[in-house]
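Q: I have a structure to read and am new to it. Please take me through it one feature at a time.

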Amino acid sequence: MSRLFKITALVPSQTRIRTQRELQNTYFTKLVPYENWFREQQRIQKAGGKIIKVELATGKQGANTGLS
């Protein structure tokens with residue numbers, strides 16, 4: 001059983017609407033294995049994003065849902 005981090009991040013994504021450029025922020029939550037955490041962190045920062053929250057997801061998948 002590998003340790004998992006549950007990360008919530010905010011990444012700006014550019015969408016082009018005709019001539020007008022709109023900057024939109026995209027929130028996402030994903031489970032990242034401990035080994036991939038550093039790479040994932042760098043990827044988000046390189047994209048100009050911010051990491052909002054990092055939680056340790058322990059136990060079985062779905063065992064700790066409903067906790068905020």
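A: A salt bridge is a side-chain nitrogen of Lys or Arg within 4 Å of a carboxyl oxygen of Asp or Glu. By this rule the count comes to three salt bridges. This is a predicted model, in which local features need pLDDT of at least 70, side-chain atom pairs count only at pLDDT 80 or more, and totals for chains, interfaces and linings use all residues. Residues are numbered from 1 along each chain as its sequence is written, and side-chain values use heavy atoms, with hydrogens and water left out.

Q: Which elements does the protein have, and in what order do they run from the N terminus?

A: Helices (H or I, at least four residues) and strands (E, at least two) are DSSP runs, numbered from the N terminus. Here there are one helix and three strands, in the order β-β-α-β.

Q: Which residue forms a salt bridge with K6?

A: The partner of K6 is E55, and their closest N and O atoms are 3.8 Å apart. This pair links distant parts of the chain: K6 belongs to strand 1 (residues 4-17) and E55 to strand 3 (residues 50-57), 49 residues apart.

Q: Where does E40 form salt bridges, and with which residues?

A: The side chain of E40 meets that of K30 at 3.1 Å, N to O. E40 is in helix 1 (residues 37-46) and K30 in strand 2 (residues 20-33), ten residues apart. E40 also forms a salt bridge with R43, at 2.7 Å. Both E40 and R43 lie in helix 1, three residues apart, about one turn of the helix. Salt bridges that share partners join K30, E40 and R43 into one network.

Q: What is K53 in contact with, beyond its neighbours in sequence?

A: Contact means heavy atoms within 4.5 Å. Leaving aside neighbours within four places in sequence, K53 contacts K6, I7 and T8. K53 is found in strand 3 and is partly exposed, at 38% relative accessible area. The C-alpha atoms of K53 and K6 are separated by 8.1 Å, although the two are 47 residues apart along the chain. Over the protein, residues 24 or more positions apart account for 55% of the contacts with a separation of 6 or more.

Q: Which residues make up the largest nonpolar core?

A: In soluble globular proteins, nonpolar side chains tend to be buried together. A nonpolar core is a set of buried Ala, Val, Leu, Ile, Met, Phe, Trp, Tyr and Cys residues joined through side-chain atoms within 4.5 Å. The largest one here has seven residues: F5, I7, A9, V11, V32, W37 and I44. Strand 1 and helix 1 are the elements that give two or more residues to this core, and strand 1 gives the most, with four.

Q: What does W37 touch, not counting residues up to four places away in sequence?

A: W37 touches F5, I7, V32, I51 and V54.

Notes:
Buried < 20%, exposed > 50% of the residue type's maximum accessible area, 1.4 Å probe, protein only.
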